[in-house]
Amino acid sequence: MTVHKETFISLLDRNRVSDRREDLLEYGRDWTRQQAPDPCLILFPKTSDEVQKIVSYCCEHNIKIVPSGGRTGLAAAAVAANQEVVVSFQKMDHIISVDIESGSIDVEAGAILENVQKTAAENGMFFPMDFAARGSCQIGGCISTNAGGLKVIKYGMMRDLVLGIEVVTPAGGILHLNSNLHKNNSGYDLKQFFIGAEGTLGLITKATLKIVPKPKNLQLALMATDNFAAILEILKSAKLKSLDITAFEFFTKPCLQAVLNHAHNCRNPFAEIYPLYVMLEIDCGDRADDLQYFAESVEPLILDGALSLNHQTFRELWAYRENIPETIPKLGQVHKNDIAVPISSMPSFIMKLEKMVSEKYSAFQVLLFGHIGDGNIHVNIIDKTRMPMAEFTKITDELDMEMCRLIKSCQGSISAEHGIGLLKKKLMHLHRNPEEIQMMKHIKSVFDPKNICNPGKIIDL
Ligand SMILES: Cc1cc2nc3c(=O)[nH]c(=O)nc-3n(C[C@H](O)[C@H](O)[C@H](O)COP(=O)(O)OP(=O)(O)OC[C@H]3O[C@@H](n4cnc5c(N)ncnc54)[C@H](O)[C@@H]3O)c2cc1C
């Protein structure tokens with residue numbers, strides 16, 4: 001690799017080509033920790049032109065590339081474990097321009113999600129993609145995972161928020177796929193291939209994203225209940241009352257306990273701890289009492305409730321939900337799944353899942369939280385005994401297989417928003433039929449005939 005290193009230094013500069021051990025370990029991984037990182041070099045391009053030169057050289061010399069964003073991914077899709085070259089977008093983090101008339105914002109791929117949100121807000125607009133990793137994840141990563149998050153129920157997933165992208169193809173070409181056009185039916189919409197492709201089809205260098213008018217008056221209700229049927233009733237009732245729902249989240253008692261025990265400044269919102277919690281955020285607009293009236297109307301369904309009275313209580317109530325992903329790992333080893341089933345099947349799916357775990361995997365605890373309004377929950381399996389990793393992986397592999405069959409029986413998905421990466425690859429055949437997998441392989445080989453772009457992620461060629 002020494003000869004290649006010198007070429008990359010000539011393409012970039014010495015400070016932006018690293019084989020320092022701490023960089024290899026840091027940039028060769030994502031948020032998951034199952035695979036040991038082992039990249040050969042980390043590159044930090046500053047422009048699309050530099051990315052194009054890197055990729056052309058890699059293509060010519062059959063060098064494997066792993067595109068790397070904020071490394072908050074939860075599917076090991078940004079892991080470089082086989083001597084790949086990591087292309088980090090950290091130095092391509094500019095927000096280029098805002099166009100309010102068109103409702104769009106132009107950014108480089110390494111722009112941090114939170115900075116995009118702030119820039120939109122400074123311009124009187126709103127970028128609705130939002131989740132707890134906002135301070136670290138990058139737009140290129142969000143597009144490549146087709147991220148979801150807290151506001152999908154109203155604004156959709158990343159796919160719904162991308163107007164255009166610039167991509168460097170694995171052969172070293174550059175594609176400008178739509179700019180800020182909201183309408184463009186001139187043949188196949190090629191940008192869609194790259195959204196959710198987990199960096200396997202090309203490297204996204206720039207994006208034009210949709211921004212929308214700011215919500216006028218967001219208010220939040222935290223409600224406790226002891227049954228799933230009540231949660232679905234609350235959602236149905238909010239929809240039938242035409243409330244402008246901007247988020248509908250849920251979590252179970254052990255999640256709240258984890259937050260109360262391990263997050264700073266979080267006190268129990270109620271006098272007791274209840275089995276289930278649901279959070280309803282709505283944009284009340286000029287009708288400030290809407291949420292209050294709604295809460296009164298669903299009182300028979302709930303055991304206790306709290307409403308946001310001002311910005312501070314709004315943030316305090318959100319903190320219960322937002323602290324969950326960070327506090328769960330403090331309970332023990334965690335095995336994560338991110339599943340979707342039709343919302344109406346959710347109560348029976350959860351009942352069967354909990355029964356299966358308590359009967360067959362009693363050493364484990366199940367913690368559930370997530371975007372229930374989208375039919376998406378995060379299933380966290382905790383091993384408090386801290387068994388050896390190999391044993392934990394073997395048992396959770398078996399558990400996953402059983403859970404997949406359950407998901408399939410509900411016509412659900414094994415990955416709602418986190419993607420497949422390396423972690424969920426072994427489950428693909430249970431969820432996608434052989435024709436679909438074959439078609440994905442064809443698409444991969446059209447875009448990346450030499451299989452140099454994030455090889456081994458999602459599917460094996
Ligand atoms: C606390 C926490 C909460 C989270 N909550 C949510 C949530 O609610 N919803 C959700 O959807 N996700 C969530 N995630 C997962 C994660 O934050 C998202 O998947 C995010 O989109 C990943 O962005 P990233 O920049 O960190 O990408 P990375 O992890 O660096 O990479 C993810 C994938 O994108 C590829 N990639 C990165 N940049 C580019 C590029 N420029 N061009 C081509 N490919 C690229 C990588 O190769 C990899 O395949 C959460 C993660 C954490 C840690």
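Modeller: Let us begin with the domains, whose bounds come from an automatic or database domain assignment. This is a predicted model, and the assignment gives domain 1 (2-88), domain 2 (95-213), domain 3 (218-320) and domain 4 (332-418).

Biologist: Why is the ligand said to lie between domain 1 and domain 2?

Modeller: Domain 1 (2-88) and domain 2 (95-213) both give residues to the shell around the ligand, so the ligand lies between them.

Biologist: What makes a residue count as near the ligand, and how many residues surround the ligand?

Modeller: A residue counts if its C-beta atom, placed from the backbone, lies within 6 Å of the molecule. There are 38 residues around the ligand, and the closest are G69, G73, G140, G141 and G199. Two or more residues of the shell come from each of β3 (65-68), α5 (139-144), β10 (203-210) and α13 (324-327), and α5 gives the most, with four residues.

Biologist: Which classes of residue make up the shell around the ligand?

Modeller: The shell has 17 nonpolar, 15 polar and six charged residues, where Gly is counted among the polar ones.

Biologist: Turning to the helices, what makes α14 roughly antiparallel to α15?

Modeller: The axes of α14 (residues 346-360) and α15 (residues 389-409) come within 11 Å and cross at roughly 160°. Angles over 145 degrees count as roughly antiparallel, and therefore α14 is described as roughly antiparallel to α15. The crossing of α14 and α15 is right-handed.

Biologist: Which residues make the contact between α14 and α15?

Modeller: On α14 they are F349, K352, L353 and M356, and on α15 they are E402, M403 and L406. By class, this contact of α14 with α15 has five nonpolar, no polar and two charged residues.

Biologist: How do you know that α9 is roughly antiparallel to α14?

Modeller: The axes of α9 and α14 come within 9 Å and cross at roughly 155°. With the limit set at over 145 degrees, the conclusion is therefore that α9 runs roughly antiparallel to α14. The crossing of α9 and α14 is right-handed, and the contact is made by F228, A229 and L232 of α9 with M346, P347 and I350 of α14. The residues of this contact of α9 with α14 divide into six nonpolar, no polar and no charged.

Biologist: How many residues do domain 3 and domain 4 each bring to their contact?

Modeller: The centres of domain 3 and domain 4, taken over C-alpha atoms, are separated by 24 Å, and the contact takes 13 residues from domain 3 and 12 residues from domain 4. On the side of domain 3 that touches domain 4, at least two residues are supplied by each of α9 (228-240), β13 (245-252) and α10 (253-262), with the largest share, six residues, coming from β13.

Biologist: What is the make-up of that side of domain 3 by class?

Modeller: The side of domain 3 that touches domain 4 has 11 nonpolar, one polar and one charged residues.

Methods:
Residues numbered from 1 in each chain as written. Predicted model: local features only at pLDDT ≥ 70, side-chain atom pairs only at ≥ 80, totals over all residues. Axes fitted to C-alpha atoms, helices over the stretch in contact; angles between N-to-C directions. Parallel < 35°, antiparallel > 145°, perpendicular 65-115°, else oblique. Left-handed = near helix turned anticlockwise from the far one by under 90°. Contact = placed C-beta atoms within 7 Å.
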